[in-house]
Amino acid sequence: MSLERAITLPHATALVVGTIIGASIFVQASEITALVPSAGGVALVWIAAGLLTLGGALVCAELASAFPRSGGVYVFLREIYSPALGFLWGWAMFWSMHTGIVAAIATVFARYVGYFVPMGDAGLRAVAVGAIVLLTAVNYRGVSLGTRLQTTVTIGKVLAVAAIIAVGVLVAPAAPVAPAPAAAPAEGVSLLNFLAAVGAGLFAFGGWHMVTYTAEETVAPERTIPRALAIGCIVVTIAYVGLNTVYLDVLPIDRVITSTRVAADAFQALVGPRGASIISAVVIMSAFGALNGIILAGPRVYYSMAQDGLLFSKAAELHARFRTPGLALALQGGWATVLAATGTYRELFTRVIYTEWIFFGLLAVGLVLVRRRPGYVARWPMPGVPLVPIVFALASFAIVVSQMAADPRSSAIGLAMVVSGLPVYWWWTRRAGAARASV
């Protein structure tokens, strides 16, 4: 039995856009504006982050065309470097990076549901867990159902973002809040602050790589995945620049910097008290769509690891009727609900998430190296090699260095959590080798 090829270009593009646009763009633009306090500077930051993301996405696009198998980044690291490095990616994904973001987005979803239905902490956690269970069940019942839901929610999300931008453009001159002051001169922003702002922007673009996990369920993945990545990154960049332009047109720049929910504040200034309710509904839809895409994609990595003998063999089995990696979905959903129910995802996720940029940087360097390897064939060769992959790799490693400099203790703990997978890998491979030898 094989995975069902049901993901077409619209579905794959919806997976890219829907996974990237979660809740962060509606609440965290303040961090970037604080570092680059000018409308022009903020726009440049988002454009630079979008272009860097596109560079990384195109790296994955070529590698997906060369290795069109389920697992994406895990497969690329395994093929370019070693199975051990691929295992570390899957190890970090399961225990913190991927399940942690599932728990985090489910918690954001629950908090915004709480805006309409007030509830205590236990109720919020129950809603978060319920969302994870529901979407795990949806994706358990088939990739077609999961991708249809993803496409529908993403279309709604993009239309909502477009509506916010349109209202901002049309209504901003009459908004009850004074417009932002004129852009600060370029010399007022240090290069260090600009680079830090770009790094923060790159985190808001997170999730672009997840479409590569579903290569074996994608129709003509060698063409579809590169196109979906390119289209998706461009759409998200336009949306992010547009939203931030509205924020800065409607609110004074000091208000943007200090706001903890900048989208709600901006829309409330535009349309009155109903603005907060409208934005809360948009965030609910956006978080729900991102959560569905992340839950859909992740188990394909564990499925591929199991096929390679690096996870329980049962995780490599597909459901007889739905043709989905049922056990891998259940394992992911089970651990994510534990993290959401206990709130322990915060410490795990914040300490480990920066380490994914080490892997991204290695992928970009690996693309340059693998092109020299005899027998390597990419059905979609990326333009701009080696310059673009090297620039992206430098940006990735700069993010890692800046994170480690900002919080050495937590960074060291997070890195140790990832590297702790190596003894497990060695034990598992020795165990598997001994089992094969005894047959």
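Buried means under 20% relative accessible area, exposed means over 50%, and partly exposed lies in between (1.4 Å probe, protein chains only). By that scale L369 is partly exposed, because its relative accessibility is 42%. This is a predicted model: local features need pLDDT of at least 70, side-chain atom pairs count only at pLDDT 80 or more, and totals for chains, interfaces and linings use all residues. Residues are numbered from 1 along each chain as its sequence is written, and side-chain values use heavy atoms, with hydrogens and water left out.

**Confidence**

- pLDDT is the predictor's confidence in each residue, from 0 to 100.
- The protein chain averages a pLDDT of 90, and 95% of the residues score at least 70.
- Helices here are DSSP runs (H or I, at least four residues), numbered from the N terminus.
- Among the elements of the chain, helix α5 (residues 73-80) has the highest mean pLDDT, 97. Helix α2 (residues 24-27) has the lowest, 81.
- Residues 175-187 stay under 50 in pLDDT. The model still has 27 contacts beyond four places in sequence for this stretch; a contact means heavy atoms within 4.5 Å.
- Where pLDDT is low, the predicted coordinates should not be read in detail.

**Core and packing**

- A nonpolar core is a set of buried Ala, Val, Leu, Ile, Met, Phe, Trp, Tyr and Cys residues joined through side-chain atoms within 4.5 Å.
- The largest such core has 142 residues. F26, W46, L63, W89 and Y240 have the most contacts inside it.
- Helix α6 (residues 83-116) supplies the largest share of this core, 19 residues.
- Leaving out residues up to four places away in sequence, F26 touches V161, I164, L243, Y247, R261, V262, A263, V282, V283 and S286.
- In helix α16 (residues 345-352), the residues Y345, F349, R351 and V352 are buried.
- The buried residues of α16 pack against α6, α15 (326-342), α17 and α19 (408-419).
- T214 sits in the loop between α9 (191-204) and α10 (221-250). T214 counts as buried because its relative accessibility is 0%.
- Beyond its neighbours within four places in sequence, T214 contacts I7, L15, L296, A297 and R300.

**Salt bridges**

- A salt bridge is a side-chain nitrogen of Lys or Arg within 4 Å of a carboxyl oxygen of Asp or Glu. By this rule the count comes to 10.
- R371 pairs with E62, with the closest N and O atoms 2.7 Å apart. R371 lies in the loop between α17 and α18 and E62 in helix α4 (residues 39-66), so the bridge ties together parts that are 309 residues apart in sequence.
- R371 is partly exposed at 34% relative accessible area, whereas E62 is buried at 1% relative accessibility.
- R379 pairs with E222, with the closest N and O atoms 3.9 Å apart. This pair links distant parts of the chain: R379 in the loop between α17 and α18, and E222 in helix α10, 157 residues apart.
- R379 is exposed, with a relative accessible area of 53%.
- R261 pairs with D265, with the closest N and O atoms 3.6 Å apart. R261 is partly exposed at 33% relative accessibility, and D265 is buried at 12%.

**Surface patch**

- Nonpolar patches join side chains of Val, Leu, Ile, Met, Phe, Trp and Tyr within 5 Å, from residues with over 30% relative accessible area and no salt bridge.
- Y81, V365 and L369 make a nonpolar surface patch of about 220 Å². Accessible areas come from the Shrake-Rupley method with a 1.4 Å probe.
- L369 belongs to helix α17 (residues 356-370).

**Backbone points to check**

- V385 and P386 are joined by a cis peptide bond, with omega about 10°. P386 lies in the loop between α17 and α18 (387-406).
- A220 is not a glycine, yet has a positive phi of about 50°. A220 lies in the loop between α9 and α10.
- R323 is not a glycine either, and has a positive phi of about 55°. R323 lies in the loop between α14 (299-307) and α15, and is partly exposed at 31% relative accessibility.

Notes
Helices (H or I, at least four residues) and strands (E, at least two) are DSSP runs, numbered from the N terminus. Patches are made of residues with over 30% relative accessible area and no salt bridge: like charges are joined within 9 Å, nonpolar side chains (Val, Leu, Ile, Met, Phe, Trp, Tyr) within 5 Å.
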